[in-house]
Amino acid sequence: MKALLLAGGLGTRLRPLTLHLPKPLAPVMDRPWLEHLIEHLKLQGIDEFVIAVHHHADRIEQKLGDGDRLGVRIAYSREPRPLGTAGAIRHALDLLGDRFIVVNADIIHLVRLVPLLEFHRNHRALVTIGLTEVEDPSHFGVVERAWDGRVLRFVEKPSRERAPSRLVNAGVYVMERAAVERIPAGREVSIERETFPALIASGAAVFGCPVQGYWLDMGTLERYMQLHRDLLDERVHLPGMPRASRPGVWIGPGARVHPAARLVPPVWLGEGCRIGAGCTVGPHAVIGAEVELLSHTRVTDAIILPRVQVSGITTIGNAIVGPDFTAALRPITAAQTEGVLQP
Ligand code: GDD
Ligand code: MG
């Protein structure tokens with residue numbers, strides 16, 4: 001079965017991380033998120049991918065190529081201008097089969113596809129929308145369902161008071177080709193604001209099915225940080241992520257730690273990084289590949305992106321540090337962990 005990955009958005013809420021990088025390529029434990037997503041979907045039986053790209057299309061194509069390195073086949077559907085979430089699917093139609101999966105590529109989900117596909121088949125659905133429950137649905141597409149799972153209403157980002165439920169669009173769909181043929185071609189179309197409401201109004205078989213597995217929208221810096229905390233705490237495991245060298249400590253190949261440095265688990269040290277004398281790293285520190293921490297640096301609750309050099313005698317806490325920016329974060333609160341299902 002094929003999967004279409006929607007990866008053409010701008011990702012403005014993840015700035016400055018996404019100033020020079022498309023959101024789906026945001027590094028997660030030293031690997032572009034898209035690679036983790038593809039590895040996960042591959043384990044779920046998907047072996048052919050179509051990636052719908054527009055912004056930073058070249059970067060994505062260069063990084064993933066034809067998929068050979070990941071043991072899958074990847075084709076690209078390039079939009080001449082952003083066509084929106086439904087327009088992108090319509091544009092890619094010739095590359096897809098009669099039934100396929102659509103995934104928002106900026107969503108961290110390790111969702112099990114088999115139950116979703118079974119549900120879709122059993123209900124003879126035209127579209128099945130994977131759903132998840134969140135505390136505050138106002139940032140998502142919210143559904144109201146009938147007893148049998150049929151979607152009666154789909155409202156994109158309603159105010160909190162107007163949300164018909166707390167069940168939201170998880171950004172994973174099973175779709176029949178016939179549904180996509182109903183999307184107008186050649187213009188921008190939003191699946192959330194136009195296609196789903198129109199299909200539902202016409203009485204089409206649009207169903208919603210709660211998904212199981214870890215799910216997190218990494219659309220903001222706080223959530224991006226939350227994902228890393230969950231990985232370090234082993235609340236979730238990514239298929240391509242190596243095992244810890246000892247409990248809570250990941251040390252990549254060629255990483256060098258000065259004997260007078262202290263590692264406080266959980267901590268991730270990327271390939272080839274260097275930790276100088278007197279540094280304290282962790283808890284909850286992700287040190288990217290080739291990063292150099294000179295002497296007496298303290299890093300807690302922070303992500304340092306690959307190849308950054310930190311000049312020493314500094315304390316970095318609650319921050320994401322990139323090659324040309326530092327994004328200080330507010331402390332992560334319980335409210336920001338919403339949307340996380342137990343694996
Ligand atoms: N190819 C292409 N072209 N992709 C696009 C375009 C486009 O014009 N616009 C957006 N995308 C991609 C984005 O890269 C992202 O992966 C996905 O489509 C969803 O777009 P976002 O802009 O990230 O939407 P959102 O996060 O505000 O809301 C969506 O995701 C929620 C789940 O987190 C909606 O689908 C909500 O209903 C849903 O709940
Ligand atoms: Mg998004």
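Which residues does Val206 touch, not counting residues up to four places away in sequence? Let's work through that and two other spots.

Before we start: this is a predicted model, where local features need pLDDT of at least 70, side-chain atom pairs count only at pLDDT 80 or more, and totals for chains, interfaces and linings use all residues. Residues are numbered from 1 along each chain as its sequence is written, chains are lettered from A and ligands numbered from 1 in the order in which they are written, and side-chain values use heavy atoms, with hydrogens and water left out.

1. Val206 touches Val127, Ile129, Arg150, Val151, Leu199 and Ile200, leaving aside residues up to four places away in sequence (contact means heavy atoms within 4.5 Å). Val206 sits in strand E12, residues 206–210 (strands are DSSP runs of at least two residues, helices H or I runs of at least four, numbered from the N terminus). Val206 is buried, at 1% relative accessible area (buried is under 20%, exposed over 50%, partly exposed in between, with a 1.4 Å probe and protein chains only). The C-alpha atoms of Val206 and Val151 are 5.7 Å apart, though 55 residues separate them along the chain.

2. Now look at His120, in helix H4 (residues 113–122). His120 is buried too, with a relative accessible area of 0%. Among the residues that His120 touches are Arg99, Leu126, Val174 and Glu176.

3. Last, the helices: Thr85, Ala86 and Ile89 in H3 meet Ile191, Glu192 and Thr195 in H6. Sorted by type, the residues of this H3 contact with H6 are three nonpolar, two polar and one charged (Ala, Val, Leu, Ile, Met, Phe, Trp, Tyr, Cys and Pro count as nonpolar, Asp, Glu, Lys and Arg as charged, and the others, Gly among them, as polar).
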